[in-house]
Amino acid sequence: MRTWKLLAAMAASTLTAVPATHAAEPAFPDKPIRLIIGSAPGSGPDIIARLTADHLYGVWGQRVVVDTRPGVAGIISAEQALRANPDGYTWMVLTSQLFIATSVYPNLTFNLDKDFVSVSMIGLVPWVVTVNPGLPAKSTSELIALAKKSPGKLRYGSGGPGSGEHFATVMFTHMAGIDMLHVPYKGVAGALIDAIANEIQMQFAVYPAAFPHVSSGRLRAIAVSTAKRSPGLPDVPTIADTLPGFVNFGWYSIVAPKGTPEAVLAKASAEVVKAAREPAFGNRLKTLGIEIIGGGRKELDDFRTKERKRLTELVKATGISIGK
């Protein structure tokens, strides 16, 4: 009898201990989240990351700290993210830039497709071809003619070798049959400033980074890279109007290091998707030229698979290399 009573008491204590253990588990998030980006302050990813961080702070009451780690076309940001504990408190903004870089740079210490898990897809964004207002080229055809007249003389900037801007311009020069001089920067913001100063003559830049300079008249927008015109720049034609078949775009998504708890990934994904679909936040993205996707984890998984194939084929077709 004593033995039975002892076992019953132990069982009861175990049952009462289980809820207490669960109750002690902290709700996510209970401390600030680090959101790493591989671009410089003032870039498109930086702008989008800060908007997302502000929105999530309003929802969760916890800071999302944007950590800019520019350099090597986003590779440094990936290396930083993978050094962190995969506890759900380190995220990374994944863009087309890092996809391109991992197809171009050799001897990487990580596998982008295997070492990062999807959180959510935010949206797509056009590249805007911007030129110094003093450049005698007001259209894509005039820019091509000017470059053909002086091979290698026109200078274009980028956020670094292998960056999205670099790749878009190499694709452009390849299809147009022209040669321009590549001037790499640590971030697109620096390239835009030098385009304004006429240190370089033209620049592919994502809409959020380009638009303030275009709207102020400091730079001239002559084309967008998407298949259709951008609603925010309705009078600016597409590159494809002059170079049929030219379509390129940037995109923004959020990923986390492999090993991040599934419950955390699900909660983070649901909140970012919800944010993108809310009118107030969504309208802020639209004013930045973002075509909102607002996809969850599976949608981003599928997109990453298709985008890997698309960009790998384009990298091979253009022959882009780090030295170009």
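Reader: Why is Pro 29 called buried?

Author: Pro 29 has a relative accessible area of 12%, and buried means under 20% (exposed is over 50%, partly exposed in between, with a 1.4 Å probe and protein chains only), so Pro 29 counts as buried. A word on the background: this is a predicted model, where local features need pLDDT of at least 70, side-chain atom pairs count only at pLDDT 80 or more, and totals for chains, interfaces and linings use all residues. Residues are numbered from 1 along each chain as its sequence is written, and side-chain values use heavy atoms, leaving out hydrogens and water.

Reader: Thanks! What does Pro 29 touch?

Author: Not counting residues up to four places away in sequence, Pro 29 touches Trp 60, Gln 62, Tyr 89 and Lys 267, where contact means heavy atoms within 4.5 Å. Pro 29 sits in the loop between α1 (2-24) and β1 (33-37); helices (H or I, at least four residues) and strands (E, at least two) are DSSP runs, numbered from the N terminus.

Reader: What makes α10 roughly perpendicular to α11?

Author: Helix α10 (residues 262-277) and helix α11 (residues 279-286) pack at about 75 degrees, with axes 5 Å apart. Angles of 65 to 115 degrees count as roughly perpendicular, so α10 is roughly perpendicular to α11. Axes are lines fitted to C-alpha atoms, for helices over the stretch in contact, and angles run from 0 to 180 degrees between N-to-C directions.

Reader: Which residues make that contact?

Author: Ala 275, Ala 276 and Arg 277 come from α10, and Pro 279, Phe 281 and Gly 282 from α11.

Technical notes. Angles under 35 degrees count as roughly parallel, over 145 as roughly antiparallel, 65 to 115 as roughly perpendicular and the rest as oblique.
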